[in-house]
Amino acid sequence: MNAIDPVSELVRNVSVPFERARAMPPSVYTSPLFLEREIKEVFAKEWFSLGRASALAKPGDYVTFELAGQPVFVMRGRDGKLSAMSNVCLHRMSTLLEGAGNKSAIVCPYHGWTYNIDGTLRGVPAMTKNEAFCKADYRLPQLRCEEWLGWIMITLNPDARPVAEQLAEVETHIADYGLTDYVETFRETHVWDTNWKILAENFMESYHLPVCHSGTIGGFSKLDEMICPPGRPAFNYHTILKDDSLKIALAHPTNTRMTGDRRRTTYLLALYPSLLITLTPGYFWYLSLHPKGPGQVHMIFGGGMAPEFIASQEAQDQLAQLKGLLDDVNVEDRGCTERVFKGVSAGAARPGHLSHLERPNFDFAQYLAAKTGGFERRFEA
């Protein structure tokens, strides 16, 4: 029997009109071969977000990550700019930094080679007898790093289009939110036992809300009011209108950028491959996802507020209450998405037809098919 080719399966899966579409094949979630393909063609080539630039406010502030197998860190320099660098010592190749924090210098924990925060080598012990050694020859490799609307964006791909070009259409949708000035107030990391795409798809559709979230927000979900427009080359989205039950979901009275219904409009943005943002006029929360094997996903979970609310104690209290609710929602989402992975891993698993409310999932599948299998996507002008 021939082995299943998950890339070919996915291309066949998305080569139908949306009105006849099915969920992605199980092999796309479970195959180590497909994971290798998406690491190489997606995560090693696309822009990835490490969260909000406001979290790295002072020179020496840093955060680490492993992107497509490459240990990296992003650090605020003395010039006020963010830089991304390889997190591997240039001597015996130990990793340098862990987690997040602040450093005035970067000291290798193996032999004490010390780097300035711009990546240049400051000093080394016991190297005077190596005639070929020259300190000036050593600098940690620099990676591409951009700030986009306040997000830290990095890529291993020197030829990737600038983020602002790739996501220019997103900016036209949310220009009046002033997202650049939103401030992150919490950031956490988690590992769930599911495939990263299952969690991404879970964010992209609201079809699951009444059932999966029956204990929290499900009762407020009205399926007949959900609108899911066709996706765009670099993202998909849908919007909802919020009532005044949570004041920080609405534009602050001093916000003069927004008018009419825009003052209560929430965007749910899925920026490919894996930055997922819920954006309201008053607060935001987000997920940034990276695979840890077919059956695990590393998740950065963060959020915060628009600048008009930052100084308000009442708003801070409301955000704390909201964070508690989001934590409860995450518990429900974890249960649902881990059950889906258990199901797609079963031999009898077969993908069913998609609801019209799962249009973003189909667009996401076509994006992945294009990146991994050369599928040609088409978009209306």
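Strand 13 and strand 14 form a hairpin with three residues between them; strands (E, at least two residues) and helices (H or I, at least four) are DSSP runs, numbered from the N terminus. The model is predicted, and local features need pLDDT of at least 70, side-chain atom pairs count only at pLDDT 80 or more, and totals for chains, interfaces and linings use all residues. Residues are numbered from 1 along each chain as its sequence is written, and side-chain values use heavy atoms, with hydrogens and water left out.

Strand 13 has two partners, listed below; two strands pair if DSSP finds at least two bridges between them.

Seven of the seven residues of strand 13 (residues 265-271) are buried, so the strand is largely enclosed by the rest of the structure. Buried means under 20% relative accessible area (1.4 Å probe, protein chains only). In a regular strand the side chains alternate between the two faces of the sheet. Here Thr 265, Tyr 267, Leu 269 and Leu 271 point one way, while Thr 266, Leu 268 and Ala 270 point the other way.

Helix 10 (residues 359-373) is also largely enclosed, because twelve of its 15 residues are buried. Among them are Phe 362, Phe 364, Tyr 367 and Leu 368. The buried residues of helix 10 pack against helix 1 (6-14), helix 3 (32-43), helix 6 (196-204) and strand 12. Gly 374, with a positive phi near 75°, follows helix 10.

Key. Buried < 20%, exposed > 50% of the residue type's maximum accessible area, 1.4 Å probe, protein only. Contact = heavy atoms within 4.5 Å.
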